[in-house]
Structures are given as structure tokens and as C-alpha cells.
Amino acid sequence: MLLTSEPLGDTPPRPPAGVTLHPIGEQDLADVGRAYWRTYLGTPEEMTLTKATHDVLAAWNGEYGRWLTPGSFLARVNDELSGAILTVDDPPWPDVPRGPFIIDLFVLPDMRRRGIGRALVQAVQYALRTSIGLRVDDSAAEAHMLYISLGFSPAT
């Protein structure tokens with residue numbers, strides 16, 4: 001399901017205590033790839049470390065639209081990478097809205113339910129201050145509820 005949100009207000013969001021957010025730089029890509037891989041271990045979406053790292057590098061290199069540094073963050077808890085959000089501009093898929101588009105949000109399983117995913121989405125909403133699109137799997141009820149609570153609604 002495609003969802004879009006309108007810009008967040010003027011007050012910068014505050015991540016949960018102990019969580020720091022940083023823009024993703026080239027030096028972070030291998031760590032982000034490993035975290036992406038670890039996120040899906042033991043799930044139907046499980047992939048190899050090589051595939052996970054390739055997907056992150058493909059996003060960085062513009063295969064899914066122009067990488068948006070101001071909309072792509074990683075989260076750390078005690079200096080350990082705990083999650084990331086990857087955002088591009090104008091993805092190449094014909095069924096998605098033009099403009100900024102979140103292509104992935106992931107939080108390591110042992111770090112979930114701590115507000116990290118919420119903080120990452122809010123950081124993008126605040127940084128970009130424009131309408132943002134994303135796609136959520138219809139079977140991902142928790143993710144869908146998170147996005148709705150952050151002002152996303154079905155794209156028209």
C-alpha cells in the first residue's frame with residue numbers, strides 16, 4: 001500500500017533517551033548493509049549478507065532514485081547501529097508519487113519497540129519538510145499503524 005505524509009511541524013523531534021541519529025555517509029554503508037541483513041535473519045525475507053549490502057549500495061548509487069542524504073539516517077544505541085531509514089528522490093517505479101520516497105526503514109529485532117523507527121521517520125519528516133511517500137506491506141500491521149500515527153495516509 002502506498003502512503004504519503006505532509007510535512008512535520010516546526011519543532012524538531014527528539015529521539016528516545018540513549019538514541020542518536022546521524023545522516024548516513026559513504027563510510028557507514030557496510031555497517032548499514034550488515035544491519036539490514038541482521039534485521040531479516042530468520043524471517044521469510046531473509047537474504048544473504050552480500051545481497052543486503054548490495055541493496056544498500058544500490059540505493060546509495062541511485063538505482064532506486066537519487067539518494068537523499070538529508071533524508072537518510074542511521075540510529076545508534078550505545079554506539080551500536082540499531083536501525084536506519086533510506087530515502088530517495090523520484091524513485092523509478094511508475095506507481096509511486098514523485099518526490100521524496102522512503103525506500104526502507106529497519107530496526108534490529110532486539111532494538112524494536114523503543115521508539116527508534118518512529119524517531120527515524122520523524123527525522124526525515126522534519127529534515128525534508130515536504131510530502132513524503134512510502135510503501136508498506138499490507139500484512140505489516142505494526143508498520144502500518146506506526147505510519148498512520150505519524151500522519152501518513154493512503155496515496156490518492
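Is Tyr 40 buried or exposed? Tyr 40 is buried, because its relative accessible area is 18% and buried means under 20%, exposed over 50% and partly exposed in between (1.4 Å probe, protein chains only).

1. **Ground rules.** This is a predicted model, in which local features need pLDDT of at least 70, side-chain atom pairs count only at pLDDT 80 or more, and totals for chains, interfaces and linings use all residues. Residues are numbered from 1 along each chain as its sequence is written, and side-chain values use heavy atoms, with hydrogens and water left out.

2. Rolling a probe the size of a water molecule over the atoms shows where empty space is left. The work is done on a 1 Å grid over the protein atoms alone. A cavity is a set of points where a 1.4 Å probe fits but cannot get out. A pocket is an open set with protein on both sides within 12 Å along at least five of seven lines. Here the largest pocket has a volume of about 1,400 Å³. Volume means the space filled by probe spheres set on the grid points, which are joined across faces, edges and corners.

3. **What lines the pocket.** The lining of the largest pocket has 38 residues; a lining residue has an atom within 4 Å of a point. Nearest the centre lie Tyr 40, Leu 105, Ala 140, Ala 143 and Tyr 147. By class, the lining has 23 nonpolar, five polar and ten charged residues. Ala, Val, Leu, Ile, Met, Phe, Trp, Tyr, Cys and Pro count as nonpolar, Asp, Glu, Lys and Arg as charged, and the others, Gly among them, as polar.

4. **Which elements take part.** Helices (H or I, at least four residues) and strands (E, at least two) are DSSP runs, numbered from the N terminus. At least two lining residues come from each of α1 (29-39), α2 (49-60), β6 (100-107), α3 (116-128), β7 (132-135) and α4 (141-149). Which element gives the most to the lining? That is β6, with seven residues.

5. **Aromatic pairs.** A pair of aromatic rings is described by the distance of the centres and the angle of the planes. Rings of Phe, Tyr and Trp (its six-membered ring) pair if their centres lie within 6.5 Å. Planes under 30 degrees apart count as stacked, over 60 as edge-to-face and the rest as tilted. The whole structure holds six aromatic pairs. In one of them, Tyr 36 and Tyr 40 have ring centres 5.5 Å apart and planes at 90°, so this pair is edge-to-face. Tyr 36 counts as buried, at 10% relative accessibility. Tyr 36, Tyr 40 and Phe 106 form one aromatic cluster.

6. **A stacked pair.** Tyr 64 and Trp 93 have ring centres 6.0 Å apart and planes at 25°, so they are stacked. This pair links distant parts of the chain, 29 residues apart. Tyr 64 sits in the loop between α2 and β3 (66-67), and Trp 93 in the loop between β5 (80-89) and β6. Tyr 64 is partly exposed at 23%, and Trp 93 is partly exposed at 31%.

7. **A charge over a ring.** Arg 129 lies over the face of Tyr 126, 4.0 Å from the ring centre. The test asks for NZ of Lys or CZ of Arg within 6 Å of the ring centre and within 35 degrees of the ring normal.

8. **Gln 125 and Leu 8.** Gln 125 is in helix α3 and is buried, with a relative accessible area of 1%. Leaving aside residues up to four places away in sequence, Gln 125 touches Ser 5, Glu 6, Leu 8, Ile 132, Leu 150 and Phe 152. Contact means heavy atoms within 4.5 Å. Leu 8 lies in the loop between β1 (2-5) and β2 (19-23) and is partly exposed at 26%.

9. **Ala 59.** Ala 59 is in helix α2 and counts as buried, at 0% relative accessibility. Beyond four places in sequence, Ala 59 touches Tyr 64, Gly 65, Trp 67 and Ile 103.

10. Most residues other than glycine have a negative phi. Asn 78 has a positive phi of about 50°, and phi of Asp 79 is near 65°. Asn 78 counts as exposed at 68%, and Asp 79 as exposed at 66%.
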